[in-house]
Amino acid sequence: NPNPNPNPNPNTMSDVTLIEVVDYMDVIDPDGSTHTEYCMQITVAGGFCWEVSRRYSAFRELYEALLPSVQALRDYRFPHKSLISTFADHTKVRRRTGFQELMDILGALDPVPLELLHFVKYHVHMMPQIPDVASSMVVADGGGAAASAAETAEAAEAAAATAQREGQQRASVTLTPMAAAEAAAASSGSHSHGVSK
């Protein structure tokens, strides 16, 4: 489905109608170990939707980052770790239910936290035409190399999302004056300084 809102406000998520934790899957790491990822489907007004998968630790990082400032999380109980049955189906179902409750709480906030926007990759799918919006929403994790790798991967995702939508709907994108000025400034900076690797 084409992006129904090419110029959303990055400080709100009022056009998102649903964040649903729909499933989970086991992923094999390069070293042969296994971890579980929980699959979310994000739907916005007009029917445009995308899927994002996050692992348990990512949900916990989001929860811990917002707990001090979000009153609504004070009574929420984050799904605890299971030392014995981490990979049991009943554990994964319990966690999926808990993560859904977390998404419901955060999605109902006004304004929606930028951390949640980044978590569901809203900037990748809804705002790829605005330069550097991804890096401005990245939650600091203390790891420069890891952050650079993540930004590179999400930049590639943004390009892919843009190409997909352009193939589905050929339409001109008009930026607001402020966004246009930011885009011009970002473009000038990238030509002057290049990209460090």
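Reader: At 14% relative accessibility, does Ser82 count as buried or exposed?

Author: The general idea is a cut-off: buried means under 20% relative accessible area, exposed means over 50%, and partly exposed is in between, with a 1.4 Å probe and protein chains only. Ser82, at 14%, therefore counts as buried. Before going on, note that this is a predicted model: local features need pLDDT of at least 70, side-chain atom pairs count only at pLDDT 80 or more, and totals for chains, interfaces and linings use all residues. Residues are numbered from 1 along each chain as its sequence is written, and side-chain values use heavy atoms, with hydrogens and water left out.

Reader: Where does Ser82 lie, and what does Ser82 touch?

Author: Ser82 is in the loop between helix 1 and helix 2. Contact means heavy atoms within 4.5 Å. Setting aside residues up to four places away in sequence, Ser82 touches Thr91, Arg94 and Arg95.

Reader: How many helices and strands are in the chain?

Author: Both are DSSP runs, numbered from the N terminus: helices are H or I with at least four residues, strands are E with at least two. The chain has seven helices and three strands. Along the sequence the pattern is β-β-β-α-α-α-α-α-α-α. Of its 197 residues, 35% count as buried.

Reader: How should I read the contacts in the chain by separation?

Author: Take the contacts with a separation of 6 or more; residues 24 or more positions apart account for 57% of them.

Reader: What is the order of the strands in the sheet?

Author: Strands of a sheet pair through backbone hydrogen bonds, either parallel or antiparallel. Here, two strands pair if DSSP finds at least two bridges between them. The three strands form an open sheet, order 1-2-3, with antiparallel pairing. Strand 1 (16-28) and strand 3 (49-55) each have a single partner strand, so one side of each is left without a neighbour in the sheet. For angles, axes are lines fitted to C-alpha atoms, for helices over the stretch in contact, and values run from 0 to 180 degrees between N-to-C directions. Neighbouring strands of this sheet are turned by 25° against each other on average, direction ignored.

Reader: How many bridges join strand 1 to strand 2, and how many join strand 2 to strand 3?

Author: Strand 1 and strand 2 (residues 34-44) are joined by 11 bridges. Asp23 stands opposite Cys39 in strand 2. Five residues separate strand 1 and strand 2 in a hairpin, and Gly32 in the turn has a positive phi of about 95°. Strand 2 and strand 3 are joined by seven bridges. Gln41 stands opposite Glu51 in strand 3. This hairpin has four residues between its strands, and Gly46 in the turn has a positive phi of about 100°.

Reader: Why is strand 2 largely enclosed by the rest of the structure?

Author: Count its buried residues. Nine of the 11 residues of strand 2 are buried, so strand 2 is largely enclosed.

Reader: Which residues of helix 1 are buried?

Author: An α-helix has 3.6 residues a turn, so residues three or four places apart point the same way. In helix 1 the buried residues are Tyr56, Ala58, Phe59, Leu62, Tyr63 and Leu66. They pack against strand 2, strand 3, helix 2 and helix 3.

Reader: How does the span of helix 2 agree with 1.5 Å a residue?

Author: The expected span of a helix is 1.5 Å times one less than its number of residues. With 19 residues, helix 2 should span 27 Å; its end C-alpha atoms are 26 Å apart, which agrees. Its buried residues, including Phe99, Leu102 and Met103, pack against strand 1, strand 2, helix 1 and helix 3 (114-119).

Reader: Which residues of the largest nonpolar core touch the most other members?

Author: A nonpolar core is a set of buried Ala, Val, Leu, Ile, Met, Phe, Trp, Tyr and Cys residues joined through side-chain atoms within 4.5 Å. Of the 34 residues in the largest one, Met40, Phe59, Leu73, Leu102, Met103, Leu116 and Phe119 touch the most other members. Helix 1 supplies the largest share, six residues.

Reader: What is the peptide bond from Asp110 to Pro111, and what is the phi of Lys121?

Author: The bond from Asp110 to Pro111 is cis, with omega near 0°. Pro111 lies in the loop between helix 2 and helix 3. Lys121 has a positive phi of about 60° although it is not a glycine. Lys121 is in the loop between helix 3 and helix 4. At 14% relative accessibility, Lys121 counts as buried.
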